[in-house]
Amino acid sequence: MKKQQILETHKNYQTWLDSLQELNKEQAMSPYAPGKWSPNEIIMHLAEWDRFTFEERLPVMKEGAKLESFPAFDEFNAKAAARAAEQTFEETVTYAKNERQRLTQKLQEIDEDEWDKGFHIGDHALSITSYFTDFSQHDEHHKRQIEQVRGS
């Protein structure tokens with residue numbers, strides 16, 4: 001994926017978030033499968049990764065940078081799920097839209113020639129392009145889970 005494609009996936013994600021208004025409260029707050037997260041928890045999970053990426057990653061994604069490894073996934077995700085439990089689905093979706101918009105705006109500001117410069121997160125060699133290509137795949141994975149709830 002290139003910069004423009006990634007920005008387009010972010011725009012499509014925002015549109016998709018808007019479409020979730022058709023979920024009723026039970027659909028939004030019930031696990032998509034036994035023992036799995038609800039759409040509310042999934043959207044908060046995605047929003048918290050957007051927030052983390054905006055605050056902790058994007059400012060230091062520079063050529064040659066050596067970034068710390070990712071936070072402990074289980075703990076990070078559990079905190080996101082707990083936060084989701086404290087608010088309505090509408091509040092979670094609004095938060096998610098705001099976090100993605102903030103992230104997208106910052107990505108738009110990054111010069112295209114910076115997108116393929118390499119840095120490391122732990123032992124992983126990445127670029128802004130590869131990071132956000134993976135990011136988009138992560139979004140798609142969770143969108144498919146929520147679409148199971150919607151029945152489409």
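This is a predicted model: local features need pLDDT of at least 70, side-chain atom pairs count only at pLDDT 80 or more; totals for chains, interfaces and linings use all residues.

**Stop 1: Val-93**

Show the side chain of Val-93. Its relative accessible area is 9%, and because buried means under 20%, Val-93 counts as buried. Val-93 and Leu-17 are 76 residues apart in sequence, but their C-alpha atoms are 6.6 Å apart in space. Leaving aside neighbours within four places in sequence, Val-93 is in contact with Leu-17 and Ile-43.

**Stop 2: the whole of H5**

Select residues 89-109, which make up helix H5. How far apart are the end C-alpha atoms of H5? They are 30 Å apart, and this agrees with the 30 Å that 21 residues should span at 1.5 Å a residue.

Next, colour the buried residues of H5: Phe-89, Thr-92, Val-93, Tyr-95, Ala-96, Glu-99, Arg-100, Leu-103, Thr-104 and Leu-107. Turn the view until you look down the axis of H5. The buried residues fall within an arc of 165 degrees, so they line one face of the helix. An α-helix has 3.6 residues a turn, so residues three or four places apart point the same way.

What does this face meet? The buried residues of H5 pack against helix H1 (3-19), helix H2 (25-29), helix H3 (39-57), helix H4 (73-85) and helix H6 (128-150).

**Stop 3**

Apart from neighbours within four places in sequence, Thr-104 is in contact with Leu-7 and His-10.

Then select Lys-97, also in helix H5. Is Lys-97 buried or partly exposed? At 28% relative accessibility, Lys-97 counts as partly exposed. Lys-97 and Leu-17 are 80 residues apart in sequence and 7.1 Å apart in space, C-alpha to C-alpha. With neighbours within four places in sequence left aside, the contacts of Lys-97 are Gln-14, Leu-17 and Asp-18.

**Stop 3: helix H4**

Select H4, residues 73-85. Which residues of H4 are buried? They are Phe-76, Asn-77, Ala-80, Ala-81 and Ala-84. Look down the axis of H4: these buried residues fall within an arc of 135 degrees, so they line one face of the helix. They pack against H3 and H5. On the other side of H4, you will find Asp-74, Lys-79 and Ala-85 exposed.

**Stop 4: Ile-42 in H3**

Move to helix H3 and select Ile-42, which lies there. Ile-42 has 0% relative accessibility and so counts as buried. Which residues does Ile-42 touch, not counting residues up to four places away in sequence? They are Tyr-32, Trp-37, His-142, Gln-145 and Ile-146. From Ile-42 to Tyr-32 the sequence separation is 10 residues, and the C-alpha atoms are 9.7 Å apart in space.

**Stop 5: the largest pocket**

Rolling a probe the size of a water molecule over the atoms shows where empty space is left.

The largest pocket has a volume of about 280 Å³. To find it, select its lining: His-45, Trp-49, Thr-53, Phe-70, Phe-73, Asn-77, His-124, Leu-126, Tyr-131, Asp-134, Phe-135 and His-138. Elements that give two or more residues to this lining are H3, H4, strand E3 (124-126) and H6. Which element gives the most to the lining of the largest pocket? H6 does, with 4 residues. By class, the lining has 6 nonpolar, 5 polar and 1 charged residues. Asn-77, one of the lining residues, is also among the buried residues of H4.

**Stop 6: the second largest pocket**

Finally, select Phe-54, Leu-58, Pro-59, Met-61, Lys-62, Lys-106, Ile-110, Asp-111, Glu-114 and Ile-128, which line the second largest pocket. Its volume is about 170 Å³. This lining has 6 nonpolar, no polar and 4 charged residues.

How values were computed. Residues are numbered from 1 along each chain as its sequence is written. Side-chain values use heavy atoms; hydrogens and water are left out. The expected span of a helix is 1.5 Å times one less than its number of residues. Buried means under 20% relative accessible area, exposed over 50%, partly exposed in between (1.4 Å probe, protein chains only). The arc is that of the directions from the helix axis to the C-beta atoms. Contact means heavy atoms within 4.5 Å. On a 1 Å grid over the protein atoms alone, a cavity is a set of points where a 1.4 Å probe fits but cannot get out, and a pocket is an open set with protein on both sides within 12 Å along at least five of seven lines; lining residues have an atom within 4 Å of a point. Grid points are joined across faces, edges and corners, and a volume is the space filled by probe spheres set on the points. Ala, Val, Leu, Ile, Met, Phe, Trp, Tyr, Cys and Pro count as nonpolar, Asp, Glu, Lys and Arg as charged, and the others, Gly among them, as polar.
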